[in-house]
Amino acid sequence: MNDSQQIHRLVYVSTSIEQYTEAELNEILTISRINNSRNGITGILIYNDGNILQVLEGEKRKIHQLYGKITQDRRHYGCIILQDTPSFTRSFEDWSMGYRSVSQIEFLQLEGYWDLRSKNLPLIKNDHEHSVRTILDIFVEHNR
């Protein structure tokens with residue numbers, strides 16, 4: 001597998017300038033899903049009272065181009081990369097941009113990227129579970 005075919009994962013956190021309404025989030029997600037599908041990018045976005053955690057998976061060059069655009073978006077600030085690494089598999093292969101808006105209590109109960117007790121959300125694959133928990137622990141600690 002050459003570099004252009006290898007899956008790459010980038011996980012970042014940021015803070016929105018203002019809290020988004022559901023309508024604003026849906027508009028962002030609609031555009032993101034179209035663009036991500038076109039570029040072979042998958043991932044998730046978790047939103048909590050202005051805090052954003054996003055996972056992007058795909059070709060490294062495309063992921064980094066997208067992240068560059070994301071960092072220039074004036075609707076949020078403080079982008080911090082938590083993970084930027086090659087991966088053998090996608091954790092969110094069926095999601096051009098999965099989404100979950102969570103309350104502070106739900107956010108603190110997340111295990112991995114998702115609340116694993118919810119039957120409506122995809123489970124993270126076991127081979128990523130440790131790094132996922134570590135990333136969320138860091139995010140929770142810095143956003144209390």
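Two parts of the chain are said to be in contact when heavy atoms of one lie within 4.5 Å of heavy atoms of the other, and this sense of touching is used throughout the walk through this predicted model. Helix H1, made of residues 22-39, lies across strand S2 (42-48) and strand S5, and its direction runs at about 165 degrees to that of S5.

Of the 144 residues in the chain, 42% are buried. Among the contacts with a separation of 6 or more, 79% are between residues 24 or more positions apart.

The 5 strands form an open sheet of mixed pairing, in which the order is S4-S1-S3-S2-S5. Because strand S4 (76-87) and strand S5 (98-101) each have a single partner strand, they stand at the edges, and one side of each is left without a neighbour in the sheet. On average, neighbouring strands of this sheet are turned by 10 degrees against each other, when direction is ignored.

The pairing of S4 can be followed in detail. Strand S1, which covers residues 7-16, is joined to S4 by 9 bridges, and the two run antiparallel; within this pair, Val 11 stands opposite Gln 83 in S4. Helix H2 (residues 60-72) also packs on the sheet, where it touches S1, strand S3 (51-59) and S4, and its direction makes about 150 degrees with that of S3.

Is His 76 buried or exposed? With a relative accessible area of 10%, His 76 falls under the 20% limit and is therefore buried. Leaving aside residues up to four places away in sequence, His 76 touches Tyr 12, Ser 14, Thr 15, Ser 16, Ile 17, Tyr 20, Ile 52 and Ile 70.

Ile 70 leads on to the largest pocket, whose lining consists of 31 residues, with Ile 28, Ser 32, Ile 70, Asp 73 and Arg 75 lying nearest its centre. The volume of this pocket is about 780 Å³. At least two residues of its lining are supplied by each of S1, H1, S3 and H2, and the largest share, 10 residues, comes from H1.

Technical notes
Residues are numbered from 1 along each chain as its sequence is written. This is a predicted model: local features need pLDDT of at least 70, side-chain atom pairs count only at pLDDT 80 or more; totals for chains, interfaces and linings use all residues. Side-chain values use heavy atoms; hydrogens and water are left out. Two strands pair if DSSP finds at least two bridges between them. Helices (H or I, at least four residues) and strands (E, at least two) are DSSP runs, numbered from the N terminus. Axes are lines fitted to C-alpha atoms, for helices over the stretch in contact, and angles run from 0 to 180 degrees between N-to-C directions. Buried means under 20% relative accessible area, exposed over 50%, partly exposed in between (1.4 Å probe, protein chains only). On a 1 Å grid over the protein atoms alone, a cavity is a set of points where a 1.4 Å probe fits but cannot get out, and a pocket is an open set with protein on both sides within 12 Å along at least five of seven lines; lining residues have an atom within 4 Å of a point. Grid points are joined across faces, edges and corners, and a volume is the space filled by probe spheres set on the points.
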